[in-house]
Amino acid sequence: MTVNKFIRSLLNLKELSVTDFKLKVRKRTLDLWVKPYKNGCLCPRCRRRGRIVRIMDECRLWRDLPLYGCTVMLWYCPREILCPTHGRTQENIPWADSYARVTYRLEYAMLVYCQLMTQKAAAKILHIPKSTLSDLLHRTITRIRDGHRIRGLKCIGVDEISYCKGHKYATIVYDIERACVVWVGQGKARESIDRFFNEMLSDYQKRHIKWASCDMSQAYIGAIEAHCPNVTLVLDRFHIAKALNEAVDEVRKQEWRKASVSERKALKGLRWLLFRHSSNRSKKQTRVLNALRKGNRRIHRAWVLKDEFEQFWEYRAPWAAKRFLKRWTATALKSRIEPIRNFVHTVRKHIDRILPFIGSRLTNAIAEGLNRIIKIVKNRASGFQTLKAFTDMIFLTVGDVDIPAQIPVGFRTL
Ligand SMILES: [Zn+2]
């Protein structure tokens with residue numbers, strides 16, 4: 001085995017042969033002069049062999065995976081060839097994309113590492129500055145997602161997420177059936193979500209959206225109902241439960257403000273107790289809440305109404321659920337507790353968007369699950385300065401394209 005062949009096998013360099021090498025011990029760099037193995041001079045578009053017209057004067061270099069602390073660089077002067085169909089063009093480079101300055105192998109490692117860790121940590125492992133890595137990541141993901149079309153969208157979820165400390169928001173659209181993110185856009189207003197429907201979907205696709213789930217934001221509801229003629233909108237169960245919890249908490253706050261010092265003692269520690277679902281409350285906790293009946297009638301009343309409302313989600317028959325909701329809202333209105341009454345008005349306003357839940361059992365739970373992964377990514381990076389960087393990471397971790405799997409097969413090694 002010659003030394004060149006040895007290096008080639010050792011570094012597992014595919015589709016190229018090594019013609020020369022130079023190891024700079026002090027600078028810890030290994031330079032390899034390479035050339036395409038067997039299949040050189042191919043047209044990048046049609047993969048046919050062409051006649052060499054010119055050899056480029058300057059060598060190009062590509063960064064490869066680092067080796068034992070050594071930076072590895074590949075050097076090659078690409079040939080200009082004459083393709084019978086496409087004319088003069090630069091030959092296909094088998095180990096990297098036409099305009100990339102790094103090899104497919106490095107791109108693959110970068111994508112996989114960034115799914116697992118922060119960009120900073122990945123940059124350290126790969127021996128590249130962090131800003132270069134962010135740049136590379138953006139370019140690679142954009143190239144891979146270029147020309148990608150959304151397909152087979154039947155069931156969507158829409159949610160908002162903040163991405164910067166300055167309360168900047170982004171709107172995220174999920175494909176609930178396939179559990180992935182299909183779109184990310186700046187802002188949470190009507191224009192943002194309109195942009196998704198206008199730019200990403202054809203009229204045919206909009207007609208095929210059968211189900212949608214979102215929170216009670218008027219912008220999202222309005223846009224979904226305006227763009228998708230055949231949609232059944234189901235307001236997200238957890239957002240409704242949250243609204244009711246907030247109403248109960250408002251009652252507690254009002255009572256707290258009114259209470260005297262001695263009365264406040266009885267109201268201490270109620271906040272999280274009131275939020276608890278009846279199924280994960282201990283007997284002791286239930287006793288504390290029942291004692292409120294004597295301590296504070298208004299909080300007790302609000303809590304009982306909240307507990308009763310939980311039943312709604314258990315119904316299987318739409319007619320029974322409707323009857324329950326009618327009775328519950330009537331009782332709740334009589335309570336004369338302002339925050340609860342406001343909640344009732346919201347329920348009545350959206351009743352046609354709440355009842356379909358019973359038949360469909362559609363929730364944003366999958367979207368919330370993905371949202372949790374996105375939040376982990378966000379917190380790991382301690383927030384993102386730009387939406388561009390955030391979008392890259394969202395598409396890389398929970399996007400509708402498996403991005404690392406788009407790198408050519410032979411180069412998917414770490
Ligand atoms: Zn060609």
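Author: Arg-178 is partly exposed, with a relative accessible area of 44% (buried means under 20%, exposed over 50% and partly exposed in between, with a 1.4 Å probe and protein chains only). Its side chain meets that of Asp-175 in a salt bridge, at 3.0 Å from N to O; the term denotes a side-chain nitrogen of Lys or Arg within 4 Å of a carboxyl oxygen of Asp or Glu. Asp-175, by contrast, is buried, at 0% relative accessibility.

The model is predicted: local features need pLDDT of at least 70 and side-chain atom pairs count only at pLDDT 80 or more, whereas totals for chains, interfaces and linings use all residues. Residues are numbered from 1 along each chain as its sequence is written, and side-chain values use heavy atoms, with hydrogens and water left out. The protein chain has a mean pLDDT (the predictor's confidence in each residue, from 0 to 100) of 87, and 100% of its residues reach 70 or more. Among the elements of the chain, the highest mean pLDDT, 93, belongs to helix H2 (residues 104-116), and the lowest, 76, to helix H9 (residues 261-267). Helices (H or I, at least four residues) and strands (E, at least two) are DSSP runs, numbered from the N terminus.

A search of the whole structure finds 18 salt bridges. One of them pairs Arg-143 with Asp-97, whose closest N and O atoms are 3.7 Å apart. This pair links distant parts of the chain, 46 residues apart: Arg-143 belongs to helix H4 (residues 130-145), while Asp-97 lies in the loop between strand E7 (87-90) and H2. Both partners count as partly exposed, because the relative accessible area is 28% for Arg-143 and 21% for Asp-97.

Asp-249 and Arg-252 form another salt bridge, with 2.9 Å between the closest N and O atoms. The two residues are separated by about one helical turn, because they stand 3 residues apart in helix H8 (residues 237-258). Both Asp-249 and Arg-252 are buried.
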